[in-house]
Amino acid sequence: FPTRRSSDLEIIEKQNQIPVKAKSADIKINTKGNEFSGDLTLENANSAVNKIPLKAEKYIISFDEKNIKIPKNIVYMYTSPIIITGDIKEYMQNPNINIDFNGNINSKEIADILKPYIQAPYKAEGKLQTSGKITADSQKQNIKAQVKADENNYVSYMVIKELLKRPSVLNIDCEKKNNILNIKEVSLKDLSQNSREKIINTTGEIVLNKEPEFKNLKISIPTPISAAVNMFGGEEVSFKSDIVLNKTPDNPEIKGNAKIIKYNIKKHFTSIQNADVSFSENNIRVIAPDVKINDSMFNIVADIEPKSINSLNINISNMQINSLNLDMNNLFPMLYSNRALFEKSVLNIKKGSATVNNIKLLDLKAHDISSDFQAEKNIIKLNNINANAYNGSISGKADYDLYSGLLNLNISGKNTDIKNSLYDLCRLEDNLSGKTD
């Protein structure tokens with residue numbers, strides 16, 4: 001017997017309390033004793049799963065006293081059509097859900113879904129070929145999916161050079177039980193290569209509280225990749241990593257290691273090569289043996305408090321700088337051109353030491369320089385400056401404001417050549433001679 005309900009209808013999925021609303025429903029039922037079967041057609045149906053809107057102009061299911069069969073239906077996620085088929089067995093007692101899906105999903109809509117988990121700028125073009133399977137019972141839900149991309153269809157949070165103009169696939173294998181999302185695999189592979197090696201692989205858990213929480217979320221990049229980033233106006237970085245995340249996205253606890261093979265900041269003629277970064281609960285250690293800014297070369301070791309990075313109030317407990325050649329005439333303009341960084345962030349260095357083989361400031365030259373330094377609220381304070389210059393020695397202290405670019409220098413000389421030092425300082429060419437004291 002057919003029954004038609006033309007008024008608004010709401011069905012509540014019992015397990016997860018997910019409402020399904022429909023403008024109308026058409027139900028056809030055949031009965032024989034304790035057995036029955038039939039079809040349900042929902043028109044203009046809509047729902048939402050994890051705040052992801054779903055709708056269907058017509059949704060058809062077949063059922064009997066034990067099972068529900070879902071023939072081919074088209075469901076729209078946002079504006080993207082997805083073909084869905086499957087069944088629900090023992091739906092009256094212990095539901096066992098098996099759903100297959102495939103479709104071409106708008107890349108910008110995928111980026112919207114990921115916003116709560118990845119809060120970063122992105123580029124999205126075209127549609128991504130997506131297919132997979134959802135299984136669920138009264139205890140847990142599983143999803144296995146593949147998302148394929150190419151040069152015209154992608155979502156990108158960073159441009160990976162190794163994947164430019166190449167097809168790739170994102171493999172997803174996750175299980176949700178209560179409020180725990182167990183990520184068995186989220187990996188990215190290059191489809192143009194025969195290798196089984198994953199470019200990026202993620203495993204671990206996310207607790208789906210109001211604010212998501214990581215539990216041993218491991219992110220592995222086993223082979224160096226090259227990516228374009230935009231922290232200082234366009235850079236390229238080559239790196240690999242093996243890190244584990246805990247706690248929240250806003251305040252993560254990071255453990256593990258990363259290696260920066262090469263980091264070029266072309267706008268500022270700056271490069272970093274072969275830097276090692278090690279993460280622990282209370283410290284981030286950076287060892288950068290090859291830093292170059294214009295003609296200045298550095299070797300830097302720094303210990304950074306992890307929590308300070310997220311607050312943009314960067315606290316460095318210890319820092320050591322060694323340099324062969326340091327040209328302050330190039331370094332100061334670079335720092336000043338990036339002073340906007342220090343308008344929103346604060347740099348503090350508790351303890352630091354520096355040694356420089358050769359240094360140049362204006363036309364003043366010195367060698368064998370050493371100094372202690374600290375930084376407080378973006379003002380670098382150099383104390384106990386000692387150096388050899390102009391056949392004598394100099395000592396003193398200096399302050400440099402990273403935001404204003406103001407330099408205060410207070411030095412004294414002993415046995416330095418007056419004529420050459422004054423000429424380099426202010427181009428005096430008078431017939432001066434003698435030594436400072």
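Reader: Which residues make the nonpolar surface patch of about 230 Å²?

Author: L407, L409 and I411 make it. A word on the background: this is a predicted model, in which local features need pLDDT of at least 70 and side-chain atom pairs count only at pLDDT 80 or more, while totals for chains, interfaces and linings use all residues. Residues are numbered from 1 along each chain as its sequence is written, and side-chain values use heavy atoms, with hydrogens and water left out.

Reader: Why is L407 called partly exposed?

Author: Buried means under 20% relative accessible area and exposed means over 50%, with partly exposed in between (1.4 Å probe, protein chains only). L407 has 32% relative accessibility, so it counts as partly exposed. Patch residues need over 30% relative accessible area and no salt bridge; like charges are joined within 9 Å, and nonpolar side chains (Val, Leu, Ile, Met, Phe, Trp, Tyr) within 5 Å. A salt bridge here is a side-chain nitrogen of Lys or Arg within 4 Å of a carboxyl oxygen of Asp or Glu. The areas come from the Shrake-Rupley method with a 1.4 Å probe, and for residues only the protein chains shown count as cover.

Reader: Where in the fold is L407 found?

Author: L407 lies in strand β29, residues 407-414. Strands (E, at least two residues) and helices (H or I, at least four) are DSSP runs, numbered from the N terminus. The protein has five helices and 29 strands.

Reader: What makes S37 partly exposed, and which residues does S37 touch?

Author: Its relative accessible area is 30%, so S37 is partly exposed. S37 belongs to strand β5, residues 35-49. Contact means heavy atoms within 4.5 Å; leaving out residues up to four places away in sequence, S37 touches K28, I29, N30, F63 and D64. S37 and D64 are 27 residues apart in sequence, yet 4.0 Å apart in space, C-alpha to C-alpha.

Reader: How many bridges join β8 to β9?

Author: Eight bridges join strand β8 (residues 80-89) to strand β9 (residues 96-106). Two strands pair if DSSP finds at least two bridges between them, so these strands count as paired. They run antiparallel, with D87 opposite N98 in β9. The hairpin has six residues between its strands, and E90 in the turn has a positive phi of about 50°. On β9 there is a further antiparallel pairing, with strand β11 (residues 127-136), over 10 bridges; there D100 stands opposite K133.

Reader: What lies between β22 and β23 in their hairpin?

Author: Two residues do, and N294 in that turn has a positive phi of about 55°. Eight bridges join β22 to β23 (residues 296-304), again antiparallel, and F298 in β23 is the bridge partner of V291.

Reader: Which residues have the most contacts inside the largest nonpolar core?

Author: F298, M319 and L331 do, in a core of 57 residues. Such a core is a set of buried Ala, Val, Leu, Ile, Met, Phe, Trp, Tyr and Cys residues joined through side-chain atoms within 4.5 Å. Beyond its neighbours within four places in sequence, M319 is in contact with residues including I300, V301, I349 and F373. A second, separate core of 25 residues includes A22, A25, L42 and A56.
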